[in-house]
Amino acid sequence: MRTLKLALAATAASLCFAGAANAQEDSGPSFSFNIGANTDYVFRGISQTDEDPSVFGGVDATMGIGYAGVWVSNVDFSNGTDAEYDLYAGIKPTAGPVTFDLGVIYYGYVDSPKGSNQDYVEAKLAASVPAGPATLGAAVFYSPEFFGDTGDAWYYEVNAAVTIPDTKVSVSGALGRQDIEVGPGYTTWNAGIGYALTDHIALDLRYWDTAKDKFGAISEGRVVGGIKFVW
């Protein structure tokens with residue numbers, strides 16, 4: 001997978017010059033905002049809220065092939081940590097039907113215990129391609145020092161989404177693998193149904209699970225419902 005990551009990065013980098021020229025034609029950045037709530041905040045198969053509900057919100061800015069944003073949610077790790085905030089930026093060049101996503105994400109935590117070293121950074125390389133009414137994708141994430149000071153970490157994912165023709169319904173799912181230098185690796189998957197109530201309001205009902213439940217109740221299978229407002 002390291003070879004694949006480097007090959008995709010080289011291909012995407014060769015496209016940046018054309019994308020940069022297109023970006024210069026834009027008059028300025030555009031912004032979008034989102035808020036929402038879930039019955040549980042699940043990240044890569046693990047509950048981040050101790051199986052309790054979450055509320056979240058974010059702001060995204062795009063200009064040409066570039067993007068940046070911030071996203072915030074409550075969390076509960078049973079150690080006093082109250083919230084997570086993500087800062088991210090990247091570019092989305094294209095090659096024919098393939099859209100690449102090369103980005104960096106910083107995960108920060110509010111009121112985390114001293115010495116817990118929960119904050120970390122990940123690099124992201126993803127690609128997606130349309131296939132009829134479906135979109136197929138794959139992604140690789142790498143952190144040189146993962147959550148809790150647990151060393152190198154890689155996350156690999158394949159995903160797919162299908163919009164059912166002549167409806168406001170979509171079906172999507174993903175299969176991922178998290179490997180950590182210090183700590184157990186695990187496989188996770190999810191599948192769900194989305195429904196667009198309006199152009200600005202979407203519902204999602206999704207099943208999450210992990211193999212072998214290595215982290216106890218927070219990694220067991222669960223159904224999560226959510227609502228998101230975007231404008």
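L175 is found in strand β12, which covers residues 169-180; strands (E, at least two residues) and helices (H or I, at least four) are DSSP runs numbered from the N terminus. The structure is a predicted model, in which local features need pLDDT of at least 70 and side-chain atom pairs count only at pLDDT 80 or more, while totals for chains, interfaces and linings use all residues. Residues are numbered from 1 along each chain as its sequence is written, and side-chain values use heavy atoms, with hydrogens and water left out.

L175 also belongs to a nonpolar surface patch, together with V158, W189, L205, Y207 and V223. The accessible area of this patch is about 550 Å², by the Shrake-Rupley method with a 1.4 Å probe, where for residues only the protein chains shown count as cover. Patches are made of residues with over 30% relative accessible area and no salt bridge, like charges being joined within 9 Å and nonpolar side chains (Val, Leu, Ile, Met, Phe, Trp, Tyr) within 5 Å.

Stepping back to the whole protein, 1 helix and 15 strands are found. Of its 231 residues, 33% count as buried. The protein exposes about 12100 Å², and carbon and sulfur atoms supply 64% of that area. Among contacts (heavy atoms within 4.5 Å) with a separation of 6 or more, 46% come from residues 24 or more positions apart.

A123 lies in strand β9, residues 120-131, and is partly exposed because its relative accessibility is 26%. Beyond residues up to four places away in sequence, A123 touches G103, V140, F141 and Y142. A161, in turn, sits in strand β11, residues 153-163, and is partly exposed at 30% relative accessibility. Its contacts, leaving aside neighbours within four places, are P133, A134, T135, V171 and S172. A161 and L136 are 25 residues apart along the chain, and their C-alpha atoms are separated by 6.7 Å.

Turning to charged pairs, the whole structure holds 6 salt bridges, each defined as a side-chain nitrogen of Lys or Arg within 4 Å of a carboxyl oxygen of Asp or Glu. In one of them, the side chains of R222 and D40 meet with an N to O distance of 2.9 Å. R222 lies in strand β15 and D40 in the loop between β1 (30-38) and β2 (42-43), so this pair ties together parts that are 182 residues apart in sequence. Both partners are buried: R222 has a relative accessible area of 10%, and D40 has a relative accessibility of 5%.

Another salt bridge joins D179 and R177, whose closest N and O atoms are 2.9 Å apart. D179 is partly exposed at 28% relative accessibility, and R177 is partly exposed with a relative accessible area of 32%. A salt bridge also links R206 to D204, again with 2.9 Å between the closest N and O atoms. Here R206 is buried, at 11%, whereas D204 is partly exposed, at 29%. Through shared partners, salt bridges join D40, E51 and R222 into one network.

Most residues other than glycine have a negative phi. E51, however, has a positive phi, near 70 degrees. E51 is placed in the loop between β3 and β4 (54-63) and is partly exposed, with a relative accessible area of 38%. D213 likewise has a positive phi, near 45 degrees. The loop between β14 (201-210) and β15 (222-230) holds D213, which is partly exposed at 32% relative accessibility.

Finally, the second largest pocket has a volume of about 480 Å³. Its lining comprises 24 residues, of which I46, Q48, F146, F147 and F215 are the closest to its centre. Strands β3 (46-47) and β12 each supply at least two lining residues. Pockets are found on a 1 Å grid over the protein atoms alone, as open sets of points where a 1.4 Å probe fits, with protein on both sides within 12 Å along at least five of seven lines; lining residues have an atom within 4 Å of a point. Grid points are joined across faces, edges and corners, and the volume is the space filled by probe spheres set on them.

Technical notes. Buried means under 20% relative accessible area, exposed over 50%, partly exposed in between (1.4 Å probe, protein chains only).
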